[in-house]
Amino acid sequence: MAATPQTDTARPWYASLPEPKAECGALDNVEVMKMLEATTSGDQKAARKYLLVDVRRNDWEGGTIATSINLPAQSLYQTRPIIYQLCQQAGIEQVLFYCGSSTGRGTRCARWMQDYINEVGDTKMKAAIVRGGIKGWQKSFGAKMIEGYEERVWKDKAQ
C-alpha cells in the first residue's frame, strides 16, 4: 500500500508533544563561526563548551555545519534527558540548534531543551538557536565550515 501524502489538514509532527514554555537565546551565524574557528583550528584551540545540533530529517542534504550532530526534531523531545546528561558530562554550556532556516524545528527544539534544562534546575547550561539555520549559514559563508557540502543542492535551492 502506498503512503498517503501529508495534506494541510494532517496534524503536524509535533502535535502530540507539549508546547515549549521556555524562551531561549539566539546567536548570529557570525558568532557561531567565530566559536567554530576558535575550537577547530590553530595550535591554541579554545575549550569547546558548546554542541551544535542539526535537527533536520527529510531535508538533511547539501551539508551540515562542521562538527554538528544530527538529531532529528521528530525524536528530540524524547531524548532530551540523555542529551542533557551527555552534555553535562562533557562540560557543554550551550546547546545550539538549527534546521533549514531556524524558524520552526530549530526554535521548537531549542525551547524544548531549555524547558528540560530549567526542569532539572541547571542554571549554567543554556539552549539557543543559530539564526538563519543552514540556509543563512550557506548564504553568509558559502561552503566554509560545511561538512559534506554539495554545491548542486545549493544551486537548486537558489532557483
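1. Secondary structure. This predicted model contains five helices and seven strands.

2. Overall dimensions. The C-alpha trace spans about 55 × 45 × 25 Å along its principal axes. The radius of gyration of the chain is 16 Å, which agrees with the value near 15 Å that a compact globule of 159 residues would have.

3. Among contacts in the chain with a separation of 6 or more, 70% are made by residues 24 or more positions apart. Buried residues account for 40% of the 159 residues.

4. Surface and charge. The chain exposes about 9,100 Å², and carbon and sulfur atoms supply 51% of that area. There are 21 positive and 18 negative side chains, and the centres of these two sets lie 2 Å apart.

5. Aromatic pairs. The structure holds five aromatic pairs. One of them, formed by W13 and W112, is edge-to-face, with 5.9 Å from centre to centre and 80° between the planes. W13 lies in the segment before β1 (25–27) and W112 in helix α3 (residues 105–119), so this pair ties together parts that are 99 residues apart in sequence.

6. Setting of the two tryptophans. W112 is buried, with a relative accessible area of 0%, whereas W13 is partly exposed, with a relative accessible area of 28%. Both residues belong to one aromatic cluster, together with Y14 and Y77.

Technical notes: Residues are numbered from 1 along each chain as its sequence is written. Side-chain values use heavy atoms; hydrogens and water are left out. Helices (H or I, at least four residues) and strands (E, at least two) are DSSP runs, numbered from the N terminus. The radius of gyration is taken over C-alpha atoms; the globule rule is 2.2 Å times the number of residues to the power 0.38. Buried means under 20% relative accessible area, exposed over 50%, partly exposed in between (1.4 Å probe, protein chains only). Contact means heavy atoms within 4.5 Å. Accessible areas come from the Shrake-Rupley method with a 1.4 Å probe; for residues, only the protein chains shown count as cover. Lys and Arg count as positive and Asp and Glu as negative; His and the chain ends are not counted. The place of a charge is taken as NZ of Lys, CZ of Arg, CG of Asp or CD of Glu. Rings of Phe, Tyr and Trp (its six-membered ring) pair if their centres lie within 6.5 Å; planes under 30 degrees apart count as stacked, over 60 as edge-to-face and the rest as tilted.
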